Amino acid sequence: MKTALSAIALLCISSFATADQVSKQASDIEPQVIEWRRHFHQHPELSNREFETAKYIEKYLRGLGLEVQTGVAHTGVVAILDSGKPGPVVALRADMDGLPVKEQNDLPFRSKATSEYNGNPVSVMHACGHDTHMAMLMGAAKILTDMKSQLSGKVKFVFQPAEEGAPVGEKGGAELMVAEGVMKGVDVVFGLHISSNTDVGTVEYRHGGIMAAVDPYKIVIKGKQAHGAYPWLSVDPVVTAAQVVMGLQTIVSRELPLIDEAAVITVGAIHGGNRTNIIPNEVELLGTIRTLDQDMRETLHAAVHRKATHIAQSMRAEAEVSLPYGDSYPITYNDPALMDKMLPTLHRTAGEGKVAEVKAVTGAEDFSFFQKEVPGLYLFVGGKPLDLPEDQAPAHHTPEFKIDESGMKLGVELLTNLTIDYMQKAK
């Protein structure tokens with residue numbers, strides 16, 4: 001017993017000493033992390049087009065002496081740090097792509113980049129913080145490389161393209177990385193997302209589902225065209241579509257146990273007809289489904305098909321349901337046992353009162369594809385200035401988006417400490 005207690009005490013002392021070392025190194029490298037972030041912010045690139053971003057990252061990682069692979073899932077970069085000692089393989093992930101958004105803020109390093117999106121000229125901006133994610137992972141790569149002698153196992157640094165979704169007709173993102181074998185041999189994966197409405201210096205987590213599965217759908221209502229003055233001669237797909245839209249809203253409110261988890265079904269677009277006096281042959285509905293529980297996800301899918309087809313039938317029309325329609329993402333699911341195991345690392349790194357368990361959000365993340373392969377944790381790191389009210393914080397995916405760069409230091413420390421602590425606990 002005495003020997004066991006002594007071993008635990010030594011591990012605790014070692015962990016705190018390592019955390020202090022990591023904190024100091026993170027402070028030392030913080031100016032460079034900010035410099036990297038600003039470079040990425042000024043030079044954003046769209047999904048599957050992160051060519052210059054990848055070159056910049058590759059050059060840095062090779063300079064650290066790491067084994068580097070490029071062209072993964074089109075433009076992704078993967079690097080390996082091998083300690084030379086037996087132990088687990090820990091994957092750390094950062095996303096790389098910007099968005100087709102024109103930046104509108106007062107940052108001196110704001111983006112003026114332009115590109116083409118789905119055949120149209122667009123402005124490009126890092127409007128979701130992926131620039132900070134890359135910079136934080138580069139900082140963690142530097143510290144972990146410097147601390148190589150204290151590691152046991154391997155670290156896989158995964159710089160992932162196309163988190164926001166591949167262009168139409170292309171594959172990409174985490175799903176393609178998994179298909180190309182990036183998760184083979186990996187024991188655990190950690191990822192972070194900066195949050196513009198969460199205080200700097202804080203970290204948020206959740207056991208289980210933290211972000212929703214996303215399933216886009218299309219419903220085509222087919223009727224019979226007629227003159228608008230004689231609607232009785234038609235099978236009206238417009239009126240049918242209106243009833244389908246209202247019927248879909250009752251699925252969540254009347255068929256799902258919302259006291260367990262949240263769910264959303266949204267109709268985002270309706271297309272049909274071209275004149276005031278013609279009832280068209282068909283109407284198209286496009287929308288998205290968000291769920292945080294797999295059973296509820298399956299129930300909702302079946303209900304959408306049932307509601308649409310039966311309502312259409314009652315109106316003498318037909319409904320063709322495509323679900324999913326396009327790319328679906330699984331639930332971003334934090335393995336509960338892993339969360340319990342690593343929670344002390346969060347508290348020790350951020351400090352008392354700086355760690356909070358939060359409710360899930362119905363946004364989605366393709367990090368979930370990595371978590372389907374191996375246990376993983378996805379965490380939110382604060383990027384809001386302390387003196388800025390939360391309701392005034394610029395939202396993600398908007399032209400005004402910006403974050404407090406001082407929040408990145410905690411992200412660097414978290415990625416580093418999660419890696420070291422997981423390796424120590426695996427001994």
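Which residues in α3 meet which residues in α9?

**Close-up 1. Packing of helix α3 against helix α9 in the predicted model.** Helix α3, spanning residues 130–146, packs with helix α9, spanning residues 408–425, at an angle of about 50°, and their axes lie 8 Å apart. That angle makes α3 oblique to α9, and the crossing in which α3 passes α9 is right-handed.

**Close-up 2. Residues at the contact of α3 with α9.** From α3, the residues Thr132, Ala135, Met136, Leu137, Gly139, Ala140, Ile143 and Leu144 take part, and they meet Met408, Gly411, Val412, Leu415, Thr416, Thr419 and Ile420 in α9. Of the residues of this contact, 10 are nonpolar and five are polar, while no charged residue is included.

**Close-up 3. An open sheet of four strands.** The strands follow the order β12-β14-β10-β15 and their pairing is antiparallel. The edge strands, each of which pairs on one side only, are β12 (263–271) and β15 (318–322). On average, and with direction ignored, neighbouring strands of this sheet are turned by 20° against each other.

**Close-up 4. Pairing of β12 with β14, and the helices packed on the sheet.** Strand β14, residues 282–291, pairs with β12 in the antiparallel sense over eight bridges, and Thr266 stands opposite Thr288 in β14. Helix α5 (residues 237–255) packs on the sheet, where it touches β10 (213–222), β12 and β14, and its direction makes about 170° with that of β12. Helix α6 (residues 294–314) also packs on the sheet, touching β10, β12, β14 and β15, and the direction of α6 makes about 160° with that of β15.

Key:
Residues numbered from 1 in each chain as written. Predicted model: local features only at pLDDT ≥ 70, side-chain atom pairs only at ≥ 80, totals over all residues. Heavy atoms only, no water. Axes fitted to C-alpha atoms, helices over the stretch in contact; angles between N-to-C directions. Helix = DSSP H or I, 4+ residues; strand = E, 2+ residues; numbered from the N terminus. Parallel < 35°, antiparallel > 145°, perpendicular 65-115°, else oblique. Left-handed = near helix turned anticlockwise from the far one by under 90°. Contact = heavy atoms within 4.5 Å. Nonpolar A, V, L, I, M, F, W, Y, C, P; charged D, E, K, R; others polar. Pairing = 2+ DSSP bridges.
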